[in-house]
Structure formats: structure tokens, C-alpha cells
Amino acid sequence: MYQYDSYDQAMVDTRVEEFRDQTRRRLEGKLTEAQFTPMRLKNGLYLQLHAYMLRVAVPYGTLNSRQMHALADIADKYDRGYGHFTTRQNIQYNWIKLEEAPDLLADLAKVEMHAIQTSGNCIRNISSDHFAGAAADELVDPRPYAELLRQWSSFHPEFNALPRKFKIAVIASDTDRAAMRLHDIGIQIVKNDAGELGTAFYVGGGMGRTPMIAPCIRDFVPLDQLVSYSEACLRVYNRYGRRDNKYKARIKILVHELGAEEYTRQVEEEFAHLLDQGIEPPIAELERIRTCFADPAFGDGARSVDRSDPDFALWVDRNTVRHKHDAYVSAVISLKPVGGIPGDASAAQMHLMAELAKEYSFDELRVMHTQNIVLPHVKIADLHALWTRLDADGLGAPNLDTIEDIIACPGLDYCSLANARSIPVAQKISERFAANGKTEALGELKLKISGCINACGHHHAGHIGILGVDRKGIENYQLLLGGSEAEDCSLGKITGPGFSEDGIVDAVETAADVYLRERAKGERFLDTYRRIGIEPFKEALYG
Amino acid sequence: MKLLTGNDLKSGAVVWWTGHDWSLHIEDAVNAGDRADEIAQREEAARRVNGPYAVDAEQREGKARPLHIKERIRALGPTVRPDLTLKPADPDHRDWVI
Ligand code: SF4
């Protein structure tokens with residue numbers, strides 16, 4: 001894992017003291033709310049529905065046990081005993097007091113964490129594959145490159161006031177587990193015909209009110225030009241992005257309006273200019289970063305488990321993923337118990353996950369954008385012991401990638417931008433399918449719920465998506481089908497008129513039943529939808 | 001009727017205008033009527049509240065109830081965590097919100 005050097009630590013510590021001073025001035029009335037708001041947002045502090053909300057960055061979703069313990073302590077000390085893991089691999093606290101926020105940030109800094117650039121029109125936390133460094137199918141660990149970009153983008157003076165927020169994802173396998181093409185920039189580490197590593201750049205993707213899938217604008221940028229090419233992409237956006245209209249200010253609109261070809265031409269021109277400037281960091285820095293991500297000392301061991309306990313066997317089948325080392329797997333801790341709040345974890349659960357990471361996963365955890373937690377390197381021989389402890393504390397739900405593994409944004413229960421509640425819908429759907437026993441038969445079915453058009457719950461990219469809307473003060477839910485944020489990326493289509501809170505639960509079951517009726521052998525929900533189209537679903541829903 | 005609401009500057013807690021002060025409890029809220037803007041400006045300038053604004057409400061069973069669900073959720077707390085609301089022991093509060 002990356003470890004701060006003295007520069008990193010000094011930057012974060014200085015920022016804490018700066019924010020302490022800003023907060024003091026706000027509380028003394030020397031700053032107005034209008035003056036203070038951009039300052040607190042740059043430090044991840046929002047004013048939400050019930051209180052201040054703090055979003056803490058988890059760079060590329062990687063944590064060690066010390067950090068997870070610290071997050072749990074913060075939940076107890078400054079919040080109400082829990083935190084919410086988000087679809088950008090971060091964690092949010094919902095009940096923060098402004099007067100305590102500087103102390104909280106100081107506690108975070110002690111474990112090499114911060115909330116810088118988790119809000120505002122700047123480059124946000126870089127996200128990545130939650131199985132990075134463990135996945136059997138990756139070319140290399142993408143995190144050193146994500147870390148390099150984190151350093152480049154942190155406090156980058158030129159990109160501190162972009163037209164709009166900016167999100168980057170980095171992956172290193174053909175299987176996309178990071179919704180890479182739905183980011184402002186998606187970077188895939190690839191190999192060219194000569195066997196050299198480089199990066200493919202996908203620019204102009206995003207969700208929100210105008211969802212778009214990023215086109216590939218260059219299929220190979222040498223690794224030692226990664227920062228220069230990223231800078232070129234940002235420069236063109238910073239220069240021509242639509243500052244006149246908030247709803248058209250994301251890079252996806254610029255790429256769409258200019259056309260990918262013209263945008264690329266301008267990027268290439270800027271890139272050529274930047275290559276002359278020599279802005280690329282020295283290769284020694286990348287090497288230094290890379291050493292932080294060296295493989296742990298994997299040992300040998302059993303390749304299979306004793307399946308005599310059916311509950312354990314089910315959990316192994318559903319929640320463990322192949323590892324690059326045969327004696328290991330990546331184990332997913334579901335934060336989606338039946339009827340639970342997707343992504344929420346209590347302080348006690350965070351402490352437990354931290355302990356288990358220390359004991360069973362070389363001290364590492366990952367936050368998934370699907371709001372679960374990964375122990376990336378678990379010995380197969382240790383799985384039963386691990387599962388026993390998870391299950392005892394309500395963390396053993398065997399539901400990865402099933403209809404019960406729902407992504408849901410905070411929605412109207414917490415978010416001031418929301419039109420409708422997301423969480424109760426997720427709770428009702430998971431309860432419905434746990435009760436009707438269809439989860440197993442449905443197999444992989446990704447259901448995603450957003451409480452408004454901002455799409456933090458990735459509803460456009462759900463095999464089944466749900467969007468909460470406001471119908472004259474009454475919550476209403478639109479159903480979308482056919483989205484995917486994986487390598488077969490697609491955007492869901494709205495089926496028709498929306499549903500009430502209970503109606504949407506019935507509608508999801510109706511859509512699931514159409515799939516069960518129509519599916520061909522081996523087809524997932526998404527495959528069947530793509531083969532038969534939306535009409536049979538519409539017929540069943542509204543016919 | 002118009003209620004005046006905002007957040008406490010230090011804690012961020014949702015507060016309601018009582019006619020002379022700010023309260024955590026919507027039961028204490030009074031109709032600010034057409035003085036809402038004037039009160040909001042004065043109170044914000046004095047840092048007794050952060051970001052005040054007026055919301056439409058009705059009287060129901062003698063109590064003020066905001067017309068929009070968002071304000072009702074603000075008033076009591078998240079519907080999915082009754083334990084964290086202002087009325088953790090009141091099973092009827094959900095009916096008031098939804
Ligand atoms: S999608 Fe909308 S309701 Fe949900 S968290 Fe984002 S802004 Fe809030």
C-alpha cells in the first residue's frame with residue numbers, strides 16, 4: 001500500500017490547519033456562508049438534509065486495518081456510530097458538527113487520510129478495480145498509476161476551478177469492475193503488439209442527467225507519458241468546457257458537442273506541446289510508488305474448501321473471487337444484509353473488518369463501488385474461519401452480484417438534492433426476493449437505485465435501474481432496463497410511466513419473472529433483455 | 001402557513017423558527033407568514049441560523065406539517081433509521097412523515 005512521504009504528510013497537515021482557521025473565522029462571523037461554502041466543500045464537508053456530511057477519500061478504494069479502525073473510531077467519536085460506503089469507493093459520515101470537523105480531519109491525517117477534493121469542481125478521488133493487485137486477469141496492478149495520478153491531481157493549481165467536477169478511473173484488465181467508461185476519463189492499462197505496457201484513454205463518459213459512454217480517444221499512450229496525456233485532456237476541457245451552464249459543464253457534453261474526433265485533435269495538439277515542456281514526473285517516482293504495491297508474501301496452501309456446511313459453501317460460491325495465486329481468493333464482505341441499508345457499516349463492523357483484514361488479508365481492505373468491502377488476499381484454507389466470524393456479526397450475506405446486492409444512493413433520507421427515497425426501496429426489494437426465493441434462480445442481476453437524476457446510485461447502468469422522481473411532492477419511481485457498467489457497457493432504457501414505492505417493488509419482480517420465463521440456457525438477465533428487447537417487459541408491466 | 005427553517009451553524013442540526021428563537025422540534029414552529037424573509041435575513045446576519053428559508057405547511061390535528069416530504073424528513077430524521085430520529089420511541093411518526 002502507498003505510504004505518505006514527508007511531502008504528502010506536510011500537505012495534508014497544513015490543509016487541516018488551514019481549514020481549522022477557516023472554520024474559526026466562519027464561526028466568529030468573519031466569513032459569510034457564501035464565502036465559506038467553497039472552502040468547506042474543498043475539504044469534503046457538505047451541508048446535507050440533517051447535518052453536515054463529510055466525505056472522506058479512500059484513494060482507489062484501498063485501506064489498511066489501521067485506517068479502517070480510524071474510520072470506525074471517527075464514526076463513534078464524531079458521528080452516530082456508523083458510516084456509509086459510497087459508489088465512488090469513499091466513505092461518508094452523516095452527522096458531523098462543523099465545530100468538530102477540523103479535529104476530525106486531524107484524526108484522519110494521523111492515518112494518512114483526508115477529505116480533500118472529495119467535492120467541488122476539481123479532480124476527485126481516483127477510483128480503480130477493487131480487486132487490483134489480486135485479480136487473476138489483470139495485466140499489472142493499476143494502483144501505482146492511480147496513485148501517480150492522485151499525486152498529479154492533488155492541489156493541481158490549473159485544475160482547481162474546472163467547469164465541473166471531474167472523475168477518473170484506472171483499470172488494468174479487460175473485465176471492467178470500475179465502471180471505467182462511465183467516468184470523465186477512463187484509463188485502461190493495455191499491452192501493445194510489441195508487448196509494451198501503455199494506457200488506452202476513454203474520455204467523456206458519465207451518468208447524471210445526460211448519461212454517456214466514453215469513446216476511446218487513443219488506444220495506446222506510453223506509460224511514461226500518462227501524466228502528460230491526462231494533462232492534455234484536462235487542459236482542453238478546462239479551456240472550452242461549458243462554464244455558462246451547470247447542466248452542460250461536464251466533459252461529456254464538450255466531447256459530444258465538439259465530436260470525439262475534434263476533441264481528440266485538440267488533445268493531441270496540446271499533448272505534443274506538453275511533451276516539449278517535460279512535465280512528466282521522473283520514472284524514479286513511479287518506481288518508488290510501485291514498491292509500495294509489491295505483492296505480499298503469498299504462501300502455499302489448500303486449493304479447495306470443505307463444503308459440508310451448505311451456508312458456508314453458498315457464501316464461498318457467491319462471495320469469493322478467483323485470485324492470481326491459486327491458494328488465495330478475494331473475499332467480498334457484503335454490506336447488503338436482507339432489509340439492510342446498502343453500504344452502511346457500524347463502527348463495530350468496521351473494527352471487525354479491520355481485524356479480519358489484519359488476520360487474514362495481509363492487512364488490506366478495499367471499498368467496492370458497489371458498496372461492499374473486499375478482503376483481497378485470503379488464503380482458501382482460512383475461508384471457513386473468516387466466514388464464521390463474519391456471519392456471527394451479520395456480515396456474511398451470500399449475495400454478491402445478485403438482486404439482493406443492490407446499489408442505493410442515500411436518497412431523500414439523507415440527501416438534500418434528492419427527489420425520492422432510495423434506501424427503503426432497496427430494503428423492500430431485498431426482503432421481497434429473500435422471501436420469494438428467486439434470488440438464486442435469477443443469478444447475476446445488478447440492480448441500482450438513485451434518488452434523483454444525478455445518478456449517484458448508477459441507475460443508468462443497472463441491469464435493472466430505478467430512478468426516484470418527484471411527482472408534485474409524491475415520490476415516484478421510474479424503471480429502467482438493460483444498463484451495464486462493465487466492459488459490455490450500455491445505458492438502461494425507461495420502461496414507461498413510473499410506479500409508487502410499493503408498485504416499483506412489484507414491477508421489479510414482474511421484470512424478473514419475464515426473464516425467468518424467457519431466458520435461454522446460460523443467459524443472464526441482461527443477455528435475455530438484449531436478445532428479446534424491452535417489449536415483453538413492457539407488456540408484462542403495463543399490458 | 002409558512003414555516004421558517006434552516007440549520008444550526010455549529011452543529012448543522014435542522015432548526016425551526018419559534019417566533020423568538022430556533023428549536024430542533026417542529027412542534028415549536030410558528031407561522032412566519034409574510035415576515036419570513038425579513039426574519040431569515042436578520043437571524044442569518046446574527047449567525048443564529050445558517051441558510052434559512054421558508055417552507056409551505058398545513059395545520060393537521062393542531063400541528064404544523066410541511067407540505068413536502070423532504071421537509072418532513074428533515075424535521076424528524078431518516079425514515080430508515082427510526083433510532084436516529086427525534087422520536088425514536090414513537091411508532092406513529094412514520095405516518096406523519098410519509
Ligand atoms: S443520486 Fe441524487 S439523491 Fe442520490 S445521492 Fe446523488 S444527488 Fe443525492
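User: What is the strand order in the open sheet of five strands that includes β1 of chain A, and how are the strands paired?

Analyst: In this predicted model, that sheet of chain A has the order β1-β2-β5-β4-β13, and its pairing is antiparallel.

User: Which strands stand at the edges there?

Analyst: The edges are β1 (45–47) and β13 (344–346) of chain A; each has a single partner strand, so one side of each is left without a neighbour in the sheet. On average, neighbouring strands of this sheet are turned by 30° against each other, direction ignored.

User: How many bridges join β2 to β5 in chain A?

Analyst: There are four bridges between β2 (residues 52–56) and β5 (residues 91–96) of chain A, and these strands run antiparallel. A:Val56 has A:Ile91 in β5(A) as its bridge partner.

User: And which helix packs on that sheet?

Analyst: Helix α11 (residues 347–360) of chain A does, touching β4 (82–85), β5 and β13 of chain A. The direction of α11 makes about 85° with that of β13(A).

User: Moving on to the sheet with β3 of chain A: what is the order of its strands?

Analyst: The order is β3-β14-β15-β12-β11 in chain A, an open sheet of five strands with antiparallel pairing. At its edges stand β3 (62–64) and β11 (320–322) of chain A, each with a single partner strand, so one side of each lacks a neighbour in the sheet. Neighbouring strands of this sheet are turned by 35° against each other on average, direction ignored.

User: Which helix packs on this one?

Analyst: That is helix α3 (residues 65–78) of chain A, which touches β3, β14 and β15 (373–379) of chain A. Its direction makes about 90° with that of β3(A).

User: How is β3(A) joined to β14?

Analyst: Three bridges join β3(A) to β14 (residues 364–367) of chain A, and the two run antiparallel. Opposite A:Asn64 stands A:Glu364 in β14(A).

User: What about β14(A) and β15(A): how many residues lie between them in the hairpin?

Analyst: Five residues lie between the two strands, and A:Gln371 in the turn has a positive phi of about 70°. β14(A) and β15(A) pair in the antiparallel sense over two bridges. In one of these pairs, A:Val367 has A:Ile373 in β15(A) as its bridge partner.

User: Is β15(A) mostly covered or exposed?

Analyst: Mostly covered: six of the seven residues of β15(A) are buried. β15(A) is also joined to β12 (residues 328–333) of chain A by five bridges, again in the antiparallel sense. A:Val374 in β15(A) is the bridge partner of A:Val332.

User: Which domains is chain A divided into?

Analyst: The assignment gives domain 1 (6–109), domain 2 (142–291), domain 3 (310–392) and domain 4 (407–542) of chain A.

User: How far apart do domain 1 and domain 3 of chain A lie?

Analyst: Their C-alpha centres lie 27 Å apart. The contact takes 23 residues from domain 1 of chain A and 22 residues from domain 3 of chain A.

User: Turning to chain B, how many helices and strands are there?

Analyst: Chain B has three helices and five strands. Along the sequence they follow the pattern β-β-β-α-β-β-α-α.

User: What is the radius of gyration of chain B?

Analyst: Chain B has 13 Å, which agrees with the value near 13 Å for a compact globule with 98 residues. Taken along the principal axes, its C-alpha atoms fill a box of roughly 40 × 30 × 20 Å.

User: How much of chain B counts as buried?

Analyst: Of its 98 residues, 48% count as buried. The accessible surface of chain B comes to about 4900 Å², and 47% of that belongs to carbon and sulfur atoms.

Notes. Residues numbered from 1 in each chain as written. Chains lettered and ligands numbered in written order. Predicted model: local features only at pLDDT ≥ 70, side-chain atom pairs only at ≥ 80, totals over all residues. Heavy atoms only, no water. Pairing = 2+ DSSP bridges. Axes fitted to C-alpha atoms, helices over the stretch in contact; angles between N-to-C directions. Contact = heavy atoms within 4.5 Å. Rg over C-alpha atoms; globule rule 2.2 N^0.38 Å. Buried < 20%, exposed > 50% of the residue type's maximum accessible area, 1.4 Å probe, protein only. Areas by Shrake-Rupley, 256 points an atom, 1.4 Å probe, with all protein chains shown as cover. Domains from an automatic or database assignment.
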